[in-house]
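Here is a brief report on one protein chain. Please look over the sequence and the model first.

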Amino acid sequence: MTLAKLVVKNITRRRGRFVFTLLGITIGIASFVTFLSLGGNLKNEIHRESAALGANLIVTPKGSCAYEQVSILTGEQLPTTITMDEVAKICAIKGLTAVPFLTEKTAISNKPVAVNGILPAEMKAFKGWEMDKGAYFSAQNEPGAVVGAVAARQFKLQPGSFITVRGEQLPVKGVLKESGGRDDITIFLSLPVAQRLFKAVDRVSYVAIKVDDLTLIDSYILKIKEAVSLGVISDKQMLKSVLSIVGTVNMTLQLIAAVAVLAAAFSIINTMMAATYERKREIGILQALGAKQGTIFTIFMLESGFYGLIGGVSGVLGGLFCSVVAAPYISQNAFTSFVKGSGTGSMLDPGIIVGSIAFSTAVAILAGLYPAWRAARLSPVEAISYE
C-alpha cells in the first residue's frame, strides 16, 4: 500500500469524525474568505466611487464626521443644512467650479433608490454625462427625472415612463449612459424640484468642487473657509479617512474569522491525538516492519495537512459562494452599500483563493505537529503491547 493510500484510509476510517473535523476547518476558512472577499470588493468600490465623484474638494456641513464622508461616496441621505447663499459665496471664488447636491431617498416598487437634486447644466458639464436614451433637462427647474442606466433596467424605466416621488408623478425624460459608478443607480431631479418635494427649500447636502490649479488646493481650502463657516475636505483626505474606517471594520471581521480557524485547528489537534492513541498497535506494527520515526511523523503530518487542504478548498468555494449570494442582500448603509450590486470581480481574486488554501493547509500542519511528534516517539514495545 502506498503512503498516499494509507493516509486516505486512516483519516476516513472514522467517517463521522472525518466529516465533523473537515466541517470545522471548512466553516473557518469560508468565514475568512467571505470577509476577505467582501472587504477587497469594498475597497475597490471606494476607489472607483471617489474617482467617479470627479471632485478635488468637498464642502460639508460644519461638524461633519467621517460617516458623512462615507455617505457622500455611497449616495446615502445626508443632512441638508448648507444654504444656497453659502453655495453662492463658494461659487464666487475665482479658480474653482462648484456644484451643489441634495441627496435624498425614495422608493420604487417598494425598493429604496437614491435621489439627487442637481443643477442640470452645471452638473452635466461637471461630470461629462452623455445620454443613452431620451433627452436631458431643458431647464433648471424642469419637473422631470433623468435616471441612471442600472436604475432604468432595474425598474423598467424608459423615456416617457412616470415615477412617483413624495406623492408627485414625474415623467422620465431620459436615461444616462452607464458609467460604472453610483450615478448608474440614482434618479436625478432638478434642484428646485427636489428642494420643493423634500421640503429642503434653499438648502443642499454638500458641494463638490473642481479647482483649476491643484498646486493651490490648500489656498482654495482657506478661501472657502473664510467665505463660509463649513467643513472642507480634499478628495485624498476623504479617501484616506473612509479607507481607514473600512480597514478597521475589515480587520475586526477577519480577526473574528481567524478565531473560527483557530477553533478548527484545535479540532484537528483533538482528532489527531485521538488517532495517535487509537492506532498505537498499528504504529508498533509499522515500526516492527522497519518504519522509522521520520516515516511515522510524515504519515501523521500528511493526514493533518490533508484535512487542511480539503478543508481549504471546500472553505474557499463556500466563502466565494457566500460572498456572491450575500452582496446583493447587504443592507443599504454607509459602510456596506458599496458592495450591493457592485459585481463579483474582486471576489474571484486568484490571490485570495491560493492564499486561503495555503493558510488552511499551514494551520492544519501546525496543528498536527504535536500529535505527529507524540506518535513518532512511541517505542515499538509500548505500541505493540497497547490494547
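**Overall picture**

This is a predicted model. The protein chain has 387 residues, and 47% of them count as buried. Its secondary structure consists of 13 helices and twelve strands. Contacts across the sequence stand out in the numbers: among contacts with a separation of 6 or more, 80% are between residues 24 or more positions apart. The accessible surface is about 18,200 Å². Carbon and sulfur atoms hold 62% of that surface.

**A loop aspartate**

D183 sits in the loop that runs between β8 (168–176) and β9 (186–190). Is D183 buried or exposed? D183 counts as buried because its relative accessibility is 13%, and the cut-off for buried is under 20%. Leaving aside residues up to four places away in sequence, D183 touches K127, W129, G148 and F188. With W129 there is also a polar contact: the two side chains are joined at 3.3 Å.

**A nonpolar patch**

Which residues make the nonpolar surface patch of about 410 Å²? They are V19, F20, L23 and I27. V19 lies in helix α2, which spans residues 15–53. V19 has 42% relative accessibility, so it counts as partly exposed.

**Side by side**

The two residues with accessibility values are set out here.

| Residue | Relative accessibility and class |
|---|---|
| D183 | 13%, buried |
| V19 | 42%, partly exposed |

D183 belongs to a loop, whereas V19 belongs to a helix.

Conventions. Residues are numbered from 1 along each chain as its sequence is written. This is a predicted model: local features need pLDDT of at least 70, side-chain atom pairs count only at pLDDT 80 or more; totals for chains, interfaces and linings use all residues. Side-chain values use heavy atoms; hydrogens and water are left out. Helices (H or I, at least four residues) and strands (E, at least two) are DSSP runs, numbered from the N terminus. Buried means under 20% relative accessible area, exposed over 50%, partly exposed in between (1.4 Å probe, protein chains only). Contact means heavy atoms within 4.5 Å. Accessible areas come from the Shrake-Rupley method with a 1.4 Å probe; for residues, only the protein chains shown count as cover. A polar contact is a pair of N or O atoms within 3.5 Å; within protein, one must be able to donate a hydrogen and the other to accept it, and residues adjacent in sequence count only if both atoms are side-chain atoms. Patches are made of residues with over 30% relative accessible area and no salt bridge: like charges are joined within 9 Å, nonpolar side chains (Val, Leu, Ile, Met, Phe, Trp, Tyr) within 5 Å. A salt bridge is a side-chain nitrogen of Lys or Arg within 4 Å of a carboxyl oxygen of Asp or Glu.
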